[in-house]
Amino acid sequence: MNLMNVDYSTKIPNNVNLAEDRQVLKALEGWHPGYLDWWNDMGPEGFQESLVYLRTAVSVDPKGWAKFDYVRMPDYRWGVLLAPQDEARLVNFGQHKGEKAWQEVPGEYRAMLRRLVVIQGDTEPASVEQQRHLGKTAPSLYDMRNLFQVNVEEGRHLWAMVYLLQKYFGRDGREEADELLRRRSGDADSPRMLGAFNEATPDWLSFFMFTFFTDRDGKMQLESLAQSGFDPLSRTCRFMLTEEAHHMFVGETGVGRVLQRTCEAMKAAGVEDASEIEKVRALGVIDLPTIQKKMNLHYTLSLDLFGSEVSTNAANFYNAGLKGRFQETKIDDDHRLTDAVYPVLKLVDGKITRVDEPALTALNMRLRDDYTEDCAKGVERWNKLIEKTGVKYRLELPHTAFHRQIGEFKNVHATPSGIIINDAEWANKRGDYLPSESDGAFIESLMQPVSEPGKYANWIAAPKVGIDNKPGEFEYVKIAA
Amino acid sequence: MNAPTPELLKQHVIDPEICIRCNTCEETCPVDAVTHDGNNYVVDASICNHCMDCISPCPTGSIDNWRVVATPYSLEEQFSWNELPAQQELEAADSGAIEALEQEIESLLEEARKGLGGKPVAPHSASKPTVNLYNRNKPAIATVTGNFRLTHGDADSDVRHIILDFGDLPFPVLEGQSIGIVPPGTDAAGKPHLVRLYSVASSRDGEKPNAGNLALTVKREVGGVCSNYLCDLPRGAKVEVTGPFGATFLYPNDPAANIIMICTGTGSAPFRAFTERRRRAMPDAPGRLLLFFGARRPEELPYFGPLQKVPEKLLGKYFCYSRVSGQPRVYVQDRIRSEAATVAALLQDPNTHVYVCGLKGMESGVNEAFADVCRGASIDWAALRVTMREAGRYHVETY
């Protein structure tokens, strides 16, 4: 069997030869109805019968994995797709560096690996749940289609993780796979595992911020798991990364188009000062300071996803060869880190101080720094866009110590520029830094659906190019089909 | 001596305003042609082999950009971009001409030129064509100002002469170029229809001099999406047009050029343009124009009436009918053979250009007829054909 091509002969499209792997196939087929129930209960609300112009992978080689066609979402061919195997691949870091990459789970790391897979897996359905109401207020059919593409791919990512659990972790894995369908984002009794995935995604600006900032955490995590010495995990994550890029695209261009529209409206109305919030809002667009506040919120929630700055778990994962650094193989060092140090921002005597920590335990911090750098570049592209319109305003990422729930700075209040302030000052200033209820209410007031092909809500600009090179008037979702 | 025309290159570039720097293209590229710095992702023109592996995985569409250049943009130049530079005004080179900038159109033309048996080369004296001024995303809008049936009322085939007016919109074409028509709507699978190519049937300055319009010769095909759309268009209707396309199958401006034109059906379109150009620009040119034109019956021969009025001195006409009752079937290749003396004399003249346009089926027959004619005159047609093609004097466009 050609493993580049996807086998559609089983119910579950796959390139892992499921047809001859009866036990796993049976387990997955047993899990499938529960998944569909979950999708129907918790997937995009109100559009399950609509025809959506989606891309589906028909092969994992570059030419075949983006086939576009109209699909009803419950009929989407979720499948198990792994990047092609490289027979010569090695473990590239940690104490097993240089060994042949593992095709089976090493017994001593079974629990650790299962934990990694479950945490990653839990985020996938969570975001579908968080975003399930957004279809009803989509600013265009184009955006609606992009939302649904993100949703079905998150669904596929769940499949990817569930395959690993079912295939390599026996009965424990099957139980974990069922648990992934049982937990619910924001549920008081049975929440999702990570904080940011229990927050609501109430409006489209939040969705774009989420896909830019929170899905970018996903990208960083997938990238470091793609380095794993456990080859099936690596291959799974490599293919997922290609899909994850679409989510980054939705976030970056989504926020970019909001900025574009706001700036254009300001210029057209002769509003020069971005801080004249009411004047800008009167134009029916989202003012730039509110966009900054939204950014402050989503960026900091996403920073929390990286965990504590100093973490023995992270060191253990690395040492064991299970989870590497961002682009591990492109880093020029010994890939063991036994004696190396890494600078970490900590709270020392009430002051934000840079402290050298052993590089192994500071791996979360390092990944978070890579993440921040990646975010900052995107923010800079937004600034270029604002500059090009002639509006004088700059977006800035807030300081690491600002608005944190996890890690070194969770017990202090800091301003976006990184000055520690007391509770009273914080209470006073909070509304300047983070979206207030009235900001939320204003944004919500703009969230009126637009479903005519080629038309966009007033608060967002049209995209520069269509999906799959489609022209502007293309009907990306046939809602009543 | 003329300085050699520099080879033009279609350079792959990435739009920095749309790219999100996700690294997918760099990860995908099998030859490591994609690289990046802190600012941009770029393609190394000296490595990229146009395999297109990076195109479909790109989530943004930023990867699908091309610039025709004489000197490729360096990596450093591309790293410094904040936006894509505009396409430079370039004249298509004589060799390795860029026929179209869109993959979809390029492959259509490539298919049409297959019968050539080698790389198409424009006639040396052809004017420099403009290519791909308009594309699917940015089509020109034309207005239908005429739609006439060319074939007789009782003929089986419905061939039409359709005039498209561009108003003030610049749409420069040369005789022999094609334009793309974008039929509105989508196919059964919901995909927008493919662009169809039609040869321009009028000369470069329009149906009437400086009219800002052009004409097409369109045959209604049973079930044909685009041909039925065009044939049914009323006056005043708006049409989305892309192009112009084609940079090799072009009219030679040299007054000494002899032009042998061989066609069937709507393949006559470019030859109507050629003839009209010669008539307007240099009616007394020494070069000869010969037209071998095949149809089932006179009633089904497009432009039968108007062609009768063109003087023999301007255009030598050889009509060939394959379905006239009571008469033997005559195909274009038969007429070429029966005119062997004239044809052979012309083929030995280095000023002679041959153009074949029509259905794919006619290719081999015409080729064999030329071979026979040449054999009779002790000319090696296989070798001559290559010589003529390389000199831009042998052209095929079949579909």
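**The sheet in chain B**

Chain B holds an open sheet of five strands, with parallel pairing, in the order β13-β12-β11-β14-β15. Strands here are DSSP runs of E, at least two residues, and helices are runs of H or I, at least four, numbered from the N terminus. Two strands pair if DSSP finds at least two bridges between them. At the edges sit β13 (316-321) and β15 (394-398) of chain B, each pairing on one side only.

A word on the model. It is predicted: local features need pLDDT of at least 70, side-chain atom pairs count only at pLDDT 80 or more, and totals for chains, interfaces and linings use all residues. Residues are numbered from 1 along each chain as its sequence is written, while chains are lettered from A and ligands numbered from 1 in the order in which they are written.

Back to the strands. β14(B), residues 352-358, runs parallel to β15(B), and five bridges join them. Val356(B) stands opposite Val396(B) in β15(B).

**Chain A and contacts**

Now chain A. It has twelve helices and seven strands. What does Val162(A) touch? Leaving out residues up to four places away in sequence, Val162(A) touches Trp31(A), Gly121(A), Ala177(A) and Leu180(A). Contact means C-beta atoms, placed from the backbone, within 7 Å. Among chain A contacts between residues at least 6 apart in sequence, 70% join residues at least 24 apart.

Definitions and conventions
Two residues are in contact if their C-beta atoms, placed from the backbone, lie within 7 Å.
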